[in-house]
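Here's a quick tour for anyone meeting this structure for the first time. Have a look at the model below, then read on.

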Amino acid sequence: MLRILGRANSFNVRKVLWVCDELNIPYRREDWGRGFRPTTDAEFLRINPIGLVPAAIDDGEVLRESNTIVRYLATKHGTDIIYPKDPLRRARVEQWMDWANYETSISLRGAFLGGMLNEPPWNNPWFVEQGRRQITKEVGQLEEHLCCVGPHVTGDDFTIGDIPTGLVVNRWFNLNFDKPEYPSVSRYYETLSTRPAFMRHVRNGLP
Ligand SMILES: N[C@@H](CCC(=O)N[C@@H](CS)C(=O)NCC(=O)O)C(=O)O
């Protein structure tokens with residue numbers, strides 16, 4: 001059975017749990033990471049030398065990087081709808097996964113880790129302010145996109161492009177500063193909320 005290593009409250013682990021539920025993939029999850037067994041343990045580093053969760057072990061093979069694990073599982077167990085094979089449709093899905101993992105992860109360090117969790121070194125006031133400004137701009141870009149494309153990031157169908165994006169949107173609504181209204185993003189959040197796996201792993205009270 002698929003083994004998932006990582007705490008269930010981690011932003012990146014939740015992507016993997018979400019895709020498993022969407023595709024009815026059975027798994028066994030083990031608590032590793034902040035608040036549990038540390039990822040600096042030799043046992044964990046033997047599995048994932050990068051020292052971050054999630055890691056997954058499938059048929060004896062170790063996988064790391066949340067988006068890569070999501071794509072791997074969707075390729076292995078999914079349909080052409082959730083992860084299209086056509087190169088252009090696939091690129092439309094993946095561009096949102098990359099956007100979430102790169103652009104918004106930088107701004108969320110300031111806005112979330114610094115501004116909400118007060119974690120050093122991200123809690124430097126300048127960095128927090130910069131992160132808040134930047135995530136507001138980025139979610140604003142998603143707003144512009146969704147108002148003509150929705151209800152999902154690539155159009156009619158739910159794809160794995162919605163998984164990292166859905167995590168970002170959930171975190172956005174949990175951020176503790178004065179944020180502008182983004183009606184299309186709010187609609188998108190409600191669309192995703194019709195999915196039991198999203199409610200279970202993402203909109204479950206955790207930011
Ligand atoms: N690029 C990696 C980032 C993974 C990452 O930053 N994981 C965080 C949790 S979301 C982590 O391992 N933090 C250390 C810890 O929990 O001990 C991915 O997408 O999988």
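Let's start at the ligand: helix 1 (11–22) and helix 3 (66–77) each give at least two residues to the shell around it. Helices (H or I, at least four residues) and strands (E, at least two) are DSSP runs, numbered from the N terminus. Keep in mind that this is a predicted model, where local features need pLDDT of at least 70, side-chain atom pairs count only at pLDDT 80 or more, and totals for chains, interfaces and linings use all residues. Residues are numbered from 1 along each chain as its sequence is written.

**Around the ligand**
- There are 13 residues around the ligand, and Ser 10, Gly 33, Arg 34, Leu 52 and Ser 66 come nearest. A residue counts as near if its C-beta atom, placed from the backbone, lies within 6 Å of the molecule.
- By class, the shell has 4 nonpolar, 7 polar and 2 charged residues. Here Ala, Val, Leu, Ile, Met, Phe, Trp, Tyr, Cys and Pro count as nonpolar, Asp, Glu, Lys and Arg as charged, and the others, Gly among them, as polar.

**Two domains**
- The protein chain is assigned domain 1 (2–77) and domain 2 (87–201), with bounds from an automatic or database domain assignment.
- Taken over C-alpha atoms, the centres of domain 1 and domain 2 are 21 Å apart.
- 12 residues of domain 1 are in contact with 10 residues of domain 2, where contact puts the C-beta atoms, placed from the backbone, within 7 Å.
- On the side of domain 1 that touches domain 2, helix 1 and helix 3 are the elements giving two or more residues, and helix 1 has the largest share with 8 residues.
- That side of domain 1 is made up of 6 nonpolar, 1 polar and 5 charged residues.

- An open sheet has 4 strands in the order 2-1-3-4, with mixed pairing; strands pair if DSSP finds at least two bridges between them.
- Strand 2 (27–30) and strand 4 (61–64) are at the edges with a single partner strand each, so one side of each has no neighbour in the sheet.
- Strand 3 (residues 55–58) and strand 4 run antiparallel, joined by 4 bridges, and Ala 56 sits opposite Leu 63 in strand 4.

**A tryptophan to find**
- Look for Trp 126 in helix 6 (residues 125–149).
- Trp 126 is exposed because it has 9 other C-beta atoms within 10 Å (buried means 20 or more, exposed 12 or fewer, partly exposed in between, with C-beta atoms placed from the backbone).

Terms used: Contact = placed C-beta atoms within 7 Å.
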